[in-house]
Amino acid sequence: MIVKICGVQDKETALAVAASGADFIGFVFAESSRRVEPEVVKEITDSLPQTIKKVGVFVNESPEEINQIAAFAGLDMIQLHGDETPTECEQIDNPVIKAFSIRELHDLERISMYDVAYSLVDHPGGKYRGGSGQSFDWQILNQRTPRHSQIILAGGLHPGNVQEAIKTAKPFGVDVSSGVETGGRKDVSKIHAFVAQAKSKEMKI
Ligand SMILES: O=C(O)c1ccccc1NCC(=O)[C@H](O)[C@H](O)COP(=O)(O)O
């Protein structure tokens, strides 16, 4: 099970994420309370091991701007959370994770229009285009398996529900931001608990 911890803003937390065994770490460059500047992300990525993939999260930014920031900040992958088209995704130099808002079954149909590395299925969001801490009905993924098999499940996950989410939706990976925070800041003990639950061979549910 691939695990992505998103919305990291400082080096200390990033090193704790790497030590937790997470596979991907996310940095939000879009409008958000978790937004970080490229200079800060560069300092963080320089200090991380190569084994953890560094993901930049963008919303409706131009491919040219994204490619420049990715090269400068040492990003391995790009996550697109806005209204980016399949053509725009193809103009990104790094592998792409395209995010899709899921309300109902037919929302899954758009996934097969995109030739991307991973598809992240998420709650439609609140104030920003992601990271709302709200989940959608995971049973939707059970009703029709999208043609694209590299599905990352996101939205309202936390250490206490991630095993049930995995059992229900059978994703390739899981992603979390709010569910590993306390008082709006990343909480290292919750990060460790989330990764351990998600990667546990013995599901307790
Ligand atoms: O996290 C944000 O603030 C954010 C803002 C704008 C676009 C995307 C954002 N986050 C992307 C993520 O990958 C989140 O981890 C994902 O939406 C799940 O968030 P949560 O429900 O808080 O676990």
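The legends below walk through several close-up views of a predicted model. Residues are numbered from 1 along each chain as its sequence is written. Because the model is predicted, local features are given only at pLDDT of at least 70 and side-chain atom pairs only at pLDDT 80 or more, while totals for chains, interfaces and linings use all residues.

**View 1. Valine 174 and the largest nonpolar core.** Let us start inside, with a nonpolar core, meaning a set of buried Ala, Val, Leu, Ile, Met, Phe, Trp, Tyr and Cys residues joined through C-beta atoms within 7 Å. A residue is called buried if 20 or more other C-beta atoms lie within 10 Å of its own, exposed if 12 or fewer, and partly exposed in between, with C-beta atoms placed from the backbone. The largest core has 56 residues, and the members that touch the most others are Ile5, Ile25, Ile78, Ile97 and Val174. Setting aside residues up to four places away in sequence, Val174 touches Met1, Val3, Ile152, Leu153, Leu157, Val162, Ala165, Ile166 and Ala198. Touching, or contact, here means that two C-beta atoms, placed from the backbone, lie within 7 Å.

**View 2. The surroundings of the ligand.** How many residues surround the ligand? The shell has 26, and Cys6, Ser32, Gly130, Gly131 and Ser178 are the closest. Helices (H or I, at least four residues) and strands (E, at least two) are DSSP runs, numbered from the N terminus. By residue type, the shell holds nine nonpolar, 13 polar and four charged residues. For this sorting, Ala, Val, Leu, Ile, Met, Phe, Trp, Tyr, Cys and Pro count as nonpolar, Asp, Glu, Lys and Arg as charged, and the others, Gly among them, as polar.

**View 3. Helix H6 against helix H7.** H6 (residues 162-169) packs on H7 (residues 188-199) at an angle of about 35°, and their axes are 8 Å apart. Axes are lines fitted to C-alpha atoms, for helices over the stretch in contact, and angles run from 0 to 180 degrees between N-to-C directions. Val162, Gln163 and Ile166 of H6 meet Phe194, Gln197 and Ala198 of H7. These residues comprise four nonpolar, two polar and no charged. Now look at glutamine 197, a residue of helix H7: it is buried because 23 other C-beta atoms lie within 10 Å. Beyond its neighbours within four places in sequence, Gln197 contacts Pro159, Val162 and Gln163.

**View 4. Helix H1 against helix H2.** Here H1 (residues 11-20) and H2 (residues 38-47) pack at about 35°, with an axis separation of 10 Å. Lys11, Ala14 and Leu15 come from H1, and Glu43, Ile44 and Ser47 from H2. Of the residues in this contact, three are nonpolar, one is polar and two are charged.

**View 5. Histidine 123 in its loop.** Histidine 123 sits between strand S6 (118-122) and helix H5 (139-143). Is this residue buried or partly exposed? It counts as partly exposed because it has 19 C-beta neighbours inside 10 Å. Apart from neighbours within four places in sequence, His123 is in contact with Ser132, Gln134, Ser135, Phe136, Gly155 and Gly156.

**View 6. Two loop residues with positive phi.** Most residues other than glycine have a negative phi. Asparagine 60, in the loop between strand S3 (53-58) and helix H3 (63-73), has a phi near 50°. Asn60 is partly exposed because its C-beta neighbours inside 10 Å number 13. Lysine 170, in the loop between H6 and S8, also has a positive phi, of about 50°. Lys170 is partly exposed because 13 other C-beta atoms lie within 10 Å.

**View 7. Leucine 105 between two strands.** Leucine 105 belongs to the loop that links strand S5 (96-101) and S6. With 13 C-beta neighbours inside 10 Å, Leu105 counts as partly exposed.

Key. A residue is near a molecule or strand if its C-beta atom, placed from the backbone, lies within 6 Å of it.
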